[in-house]
Amino acid sequence: MSGDTSKGVFVTTSTFDDSAVKKAHDAHHKIILIDGKKLVDLMYQYSIGVQVRNVYEVKEVDDDFFEAN
């Protein structure tokens, strides 16, 4: 990153080695590193590139139904 850049994002589907993390941390501008695990978390959180496979219905007993009148 050069010029008047003040922020940057590097994304990988893998992981960053220690030297990459150190370089990003020591940079004179902010660099955000997004590794594969974080990428999947973000995709899941914002529903990007994913779809709902199953929906489960959770039921509980309705106590009012069983009360004597």
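Predicted model: local features only at pLDDT ≥ 70, side-chain atom pairs only at ≥ 80, totals over all residues.
Colleague: Which residue in β2 is the bridge partner of Val 9?

Modeller: Look across from Val 9 and you reach Ile 32 in β2. As a general idea, side chains in a regular strand alternate between the two faces of the sheet.

Colleague: Which elements make the β-α-β unit, and what is its handedness?

Modeller: β1, α1 and β2 form the unit, and it is right-handed.

Colleague: Now the largest pocket. How much space lies in it?

Modeller: About 160 Å³.

Colleague: Which residues lie nearest its centre?

Modeller: The lining of the largest pocket has 11 residues. Phe 10, Lys 23, Ala 24, Ala 27 and Ile 31 lie nearest the centre.

Colleague: Which elements each supply at least two residues of that lining?

Modeller: α1, residues 18–26, and β2, residues 30–34, each give at least two. The largest share is that of α1, with 3 residues.

Colleague: What is the make-up of the lining by class?

Modeller: There are 8 nonpolar, 2 polar and 1 charged residues in the lining of the largest pocket.

Colleague: Next, Glu 60. Where does Glu 60 sit?

Modeller: Glu 60 is in the segment after α2, the helix at 36–45.

Colleague: Is Glu 60 buried or exposed?

Modeller: The cut-off for exposed is over 50% relative accessible area. Glu 60 has 75%, so Glu 60 is exposed.

Colleague: How far apart are Glu 60 and Ala 20?

Modeller: In sequence, 40 residues separate Glu 60 and Ala 20. In space, C-alpha to C-alpha, they are 50 Å apart.

Colleague: Last topic, aromatic rings. How many aromatic pairs does the count give?

Modeller: The count is 1 aromatic pair. Phe 65 and Phe 66 have ring centres 5.0 Å apart, with planes at 85 degrees. In general, a pair of aromatic rings is described by the distance of the centres and the angle of the planes.

Colleague: Why is the pair of Phe 65 and Phe 66 edge-to-face?

Modeller: Planes over 60 degrees apart count as edge-to-face. The planes of Phe 65 and Phe 66 are at 85 degrees, so this pair is edge-to-face.

Definitions and conventions:
Residues numbered from 1 in each chain as written. Heavy atoms only, no water. 1 Å grid on protein atoms, 1.4 Å probe; cavity = no way out; pocket = protein on both sides within 12 Å on 5 of 7 lines; lining within 4 Å. Points joined across faces, edges and corners; volume = space filled by probe spheres on them. Helix = DSSP H or I, 4+ residues; strand = E, 2+ residues; numbered from the N terminus. Nonpolar A, V, L, I, M, F, W, Y, C, P; charged D, E, K, R; others polar. Pairing = 2+ DSSP bridges. Right-handed = clockwise from strand over helix to strand, strands pointing away. Buried < 20%, exposed > 50% of the residue type's maximum accessible area, 1.4 Å probe, protein only. Phe/Tyr/Trp six-rings, centres within 6.5 Å; stacked < 30°, edge-to-face > 60°.
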